[in-house]
Amino acid sequence: MMKKYLSVIAACVLVSACSTSSTGRQQLTLFSSGELNKMGVSSFEQLKEKEKINRDKRTNEYVKCISTDIVKQISSTSDIKNWEVVVFESEQVNAFALPGKKIGVYTGILKVAETPDQLAAIIGHEVGHVLERHSNERMSSGQLAQIGMQVADAALASQNVQYRNAWMAGLGLGVQYGVLMPYGRTHESEADIVGQKLMAKAGYNPEAAIQLWRNMAKVSKGAPPEFLSTHPSSQTRIKQLTNNLPNVQGSYRNANKATCKK
């Protein structure tokens, strides 16, 4: 009975909320672009209030120069100015892009991304998440998992299943490791490939994405095994980006070489 309930819900959702990524992967997207944009803008404003913003002119010009080069590959000339780029003063090795045309870069990642090409790989990756609607997918899969848990709980209760709480705990673990975490790894790998394409079109050497993840491997010692992580291991990413090089080198050769200076 429980499987029947879950199957009906899944079928209804998939029929009404399917889309396809640029890599040809089927996606579950329950939220509208307008909803995601509002959420992105709101989250960004909260971050600006909470985090310290870097005011160094040279650093900001550097990050914004590369961000603009990447955004040019997806936006019209008139739309580029609508993207907001903020550098946050923090040792955190991180960067992000949000729906609503927002890009945030933490100064800590500038120590790992040693060259403009490597920073372009980071920003291209983050913009790739936005392009491929990964925020929408993550929220949608989370919502679907929550609905599934509620239906399963009701079904178990209606059948007076013994050890119901233990079954629910086990089901929750299965949802986490069997669906949500691998889904995150798929997003990261897809953003790597999309980002490498964007940086190549913008005139940044796509081989730098590979070196970036070698750098990341040095600072990510002690990271959890790939099976227990929402991110692929550095070695997995290096292999995938290396295999994708032939697909983007033509774009790099044909592009005007980037001129942003660190």
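The axes of helix H5 (residues 116-131) and helix H8 (residues 208-219) come within 8 Å of each other and cross at roughly 85°. Axes here are lines fitted to C-alpha atoms, for helices over the stretch in contact, and angles run from 0 to 180 degrees between N-to-C directions. H5 and H8 are therefore roughly perpendicular, a class that spans 65 to 115 degrees, whereas angles under 35 degrees count as roughly parallel, over 145 as roughly antiparallel and the rest as oblique. On the H5 side the contact (heavy atoms within 4.5 Å) is made by Asp117, Gln118, Ala121 and Ile122. H8 contributes Ala208, Ala209, Gln211, Leu212, Asn215 and Met216.

The model is predicted: local features need pLDDT of at least 70 and side-chain atom pairs count only at pLDDT 80 or more, while totals for chains, interfaces and linings use all residues. Residues are numbered from 1 along each chain as its sequence is written, and side-chain values use heavy atoms, with hydrogens and water left out.

The chain has nine helices and five strands, where helices (H or I, at least four residues) and strands (E, at least two) are DSSP runs numbered from the N terminus. Along the sequence these elements follow the pattern α-β-β-α-α-α-β-β-β-α-α-α-α-α. Of the 262 residues, 42% count as buried; buried denotes under 20% relative accessible area, exposed over 50% and partly exposed in between, with a 1.4 Å probe and protein chains only. Among contacts in the chain with a separation of 6 or more, 71% come from residues 24 or more positions apart.

Three strands form an open sheet in the order E3-E5-E4, with mixed pairing; two strands pair if DSSP finds at least two bridges between them. Strand E3 (84-88) and strand E4 (95-98) are the edge strands, each pairing on one side only. On average, and with direction ignored, neighbouring strands of this sheet are turned by 15° against each other. E3 and strand E5 (residues 102-106) pair in the parallel sense over five bridges. Within this pairing, Val86 stands opposite Gly104, and Phe88 stands opposite Tyr106. E4 and E5, by contrast, pair in the antiparallel sense over four bridges, and Leu98 has Lys102 of E5 as its bridge partner. The hairpin of E4 and E5 has three residues between the strands, and in this hairpin Gly100 takes a positive phi near 100°.

The strands of this sheet are also enclosed by other parts of the structure. Four of the five residues of E3 are buried, so this strand is largely enclosed by the rest of the structure. Both faces of E4 are covered, with Ala95 and Ala97 buried on one side and Phe96 and Leu98 buried on the other. Helix H2 (residues 33-50) lies across E3, E4 and E5 and runs at about 35° to E3. Helix H3 (residues 57-71) packs on the sheet, touching E3 and E5, and its direction makes about 140° with that of E3.

Gly40 lies in helix H2 and is buried, with a relative accessible area of 4%. When residues up to four places away in sequence are not counted, Gly40 touches Leu98, Pro99 and Lys102. Gly40 and Ala97 are 57 residues apart in sequence and 8.8 Å apart in space, C-alpha to C-alpha.

The structure holds five aromatic pairs. Rings of Phe, Tyr and Trp (its six-membered ring) pair if their centres lie within 6.5 Å; planes under 30 degrees apart count as stacked, over 60 as edge-to-face and the rest as tilted. Phe44 and Phe88 form an edge-to-face pair, at 6.3 Å centre to centre and with 75° between the planes. This pair links distant parts of the chain, Phe44 in helix H2 and Phe88 in strand E3, 44 residues apart. Phe44 is buried, with a relative accessible area of 0%, and Phe88 is likewise buried at 0%. Phe96 and Tyr106 form a tilted pair, at 6.2 Å centre to centre and with 55° between the planes. Phe96 lies in strand E4 and Tyr106 in strand E5, so this pair ties together parts that are 10 residues apart in sequence. Both Phe96 and Tyr106 are buried. Ring pairs link Phe44, Phe88, Phe96 and Tyr106 into a cluster.

A further ring interaction involves Tyr252: the charged end of Lys257 sits over the ring of this residue, 4.6 Å from its centre. The criterion is that NZ of Lys or CZ of Arg is within 6 Å of the ring centre and within 35 degrees of the ring normal.
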